[in-house]
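Dear colleague,

Please find below the sequence and structure that I am handing over to you. A summary of the findings follows.

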Amino acid sequence: MAGPQAVVIGAGIGGLTSAAALHRDGWEVTVLERAPSLEPVGAGIAMAPNAQRALDTLGVGDAIRAMAAFQGEGGLRTPSGRWLSRSSGEAAAERFGGPVVIAHRSAVIGLLASLLPDGCLHTSSPATLTDPGDGGRPARVTTADGKELEADLVIAADGIHSRTRQRLFPAHPRPAYAGFTSWRFNAPAPKEPFLPSETWGRGAIFGTVPLPDGRFYCYATAAVPEGGRAEHGDERAELLRRFGGWHPPVPELISSVTTGEVLRHDVHTMAALLPAHHRGRTVLLGDAAHAMAPNLGQGACQAIEDAIVLAHHLRTLPG
């Protein structure tokens, strides 16, 4: 006998986690992703203890820990290199019940996708919610080729600029610019060993985090007007202009990559809380529901928690 039907819009970390959790519980799941593939999917990602514990329920928490680098000693610095504060991964683990582990985002995506049955994940498949459904009728999703899918549940994990959220709550304010843009890239280890840090300058931040393959995940932010881009599209040159005079190894890390390896995105957050995270048979998940700034280090972690908690509550519903 066929199980209940679920359609997941978006194959990011939250969407894949929710699909895997529902599949484990006997749901028939269809995942629709507008991108042509799951690659590239960003640079590095921090998996805090709460996300690891949530993934333990799917049996992959240890796999995440095994593929990741653990944060060791580090801290906050000024652009000249002076330390403002020092800490360690051990201290964080003692406070939060476990270490923060750093992994390649693509590796996490690949692991989660491997939990799904063949044929349920469709790339190059933008989808539109046409009916959120209710207690008496299914939800409906239309694909770009005009195919209509009926579902007992639609999970909208389609990101901060979620079209599904706009469909459910058309009068709600859209996400607002947080006042800063961000850059991300993975760089080879510099010649001289160094302690990873986050460096705070005037209206700008540059951070380094070790990756399991010996490279470093680097991120930077700057308070700039929304929508700006580097001259001639050269974001590497823009990073060198802004951070090239900062303490070693910041300039070396930037110089070690090509401009094509640098990702730049303006940061947006929810301008106001939604009145609900669901309507009818459709539920919002992750950034679509509660987008937050990256300095919290909880965007993907909260999406994972959303997915696991949603699956738990669905198991406890009568019938």
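**The two sheets**

Strand E10 (residues 139-143) is paired with E11 in the antiparallel sense, over 4 bridges. Helices (H or I, at least four residues) and strands (E, at least two) are DSSP runs, numbered from the N terminus, and two strands pair if DSSP finds at least two bridges between them. Within this pairing, Ala-139 lies opposite Ala-151 in E11.

Please note that this is a predicted model, in which local features need pLDDT of at least 70 and side-chain atom pairs count only at pLDDT 80 or more, whereas totals for chains, interfaces and linings use all residues. Residues are numbered from 1 along each chain as its sequence is written, and side-chain values use heavy atoms, with hydrogens and water left out.

E10 and E11 belong to an open sheet of 3 strands, in the order E9-E10-E11, with antiparallel pairing. Strands E9 (127-131) and E11 (148-151) stand at its edges with a single partner strand each, so one side of each has no neighbour in the sheet. On average, neighbouring strands of this sheet are turned by 30° against each other, direction ignored; the axes are lines fitted to C-alpha atoms, for helices over the stretch in contact, with angles from 0 to 180 degrees between N-to-C directions.

An open sheet of 6 strands has mixed pairing and the order E8-E2-E1-E12-E19-E18. Its edges are strand E8 (121-122) and strand E18 (278-279), each with a single partner strand, so one side of each is left without a neighbour in the sheet. In this sheet, strand E1 (residues 5-9) and strand E12 (residues 153-156) run parallel and are joined by 4 bridges. Val-8 is found opposite Ile-155 in E12.

**Nonpolar cores and buried residues**

Ile-155 is also among the residues with the most contacts inside the largest nonpolar core, which has 44 residues. A nonpolar core is a set of buried Ala, Val, Leu, Ile, Met, Phe, Trp, Tyr and Cys residues joined through side-chain atoms within 4.5 Å; buried means under 20% relative accessible area, exposed over 50%, and partly exposed in between (1.4 Å probe, protein chains only). Helix H10 (residues 299-316) gives the most to this core, with 8 residues. A second, separate core has 20 residues, including Leu-129 and Val-141.

Neighbours within four places in sequence aside, Leu-22 is in contact (heavy atoms within 4.5 Å) with Ala-6, Trp-27, Val-29, Leu-153, Ile-155, Ala-311 and Leu-314.

Helix H2 (residues 49-56) is largely enclosed by the rest of the structure, because 6 of its 8 residues are buried. Those buried in H2 are Pro-49, Asn-50, Ala-51, Gln-52, Ala-54 and Leu-55.

**Cysteines**

The structure holds 0 disulfides, a disulfide being a pair of cysteine sulfur atoms within 2.5 Å. The sulfur of Cys-301 is 20 Å from the closest cysteine sulfur, in Cys-218, which is too far for a bond. Cys-301 is buried, with a relative accessible area of 1%, and Cys-120 counts as buried at 5%.

**Overall form**

The protein comprises 10 helices and 19 strands. Its radius of gyration is 21 Å, close to the 20 Å that the globule rule gives for 319 residues, so the protein is as compact as a globular protein of that length. The radius is taken over C-alpha atoms, and the rule is 2.2 Å times the number of residues to the power 0.38. Of the 319 residues, 46% count as buried.

Yours sincerely
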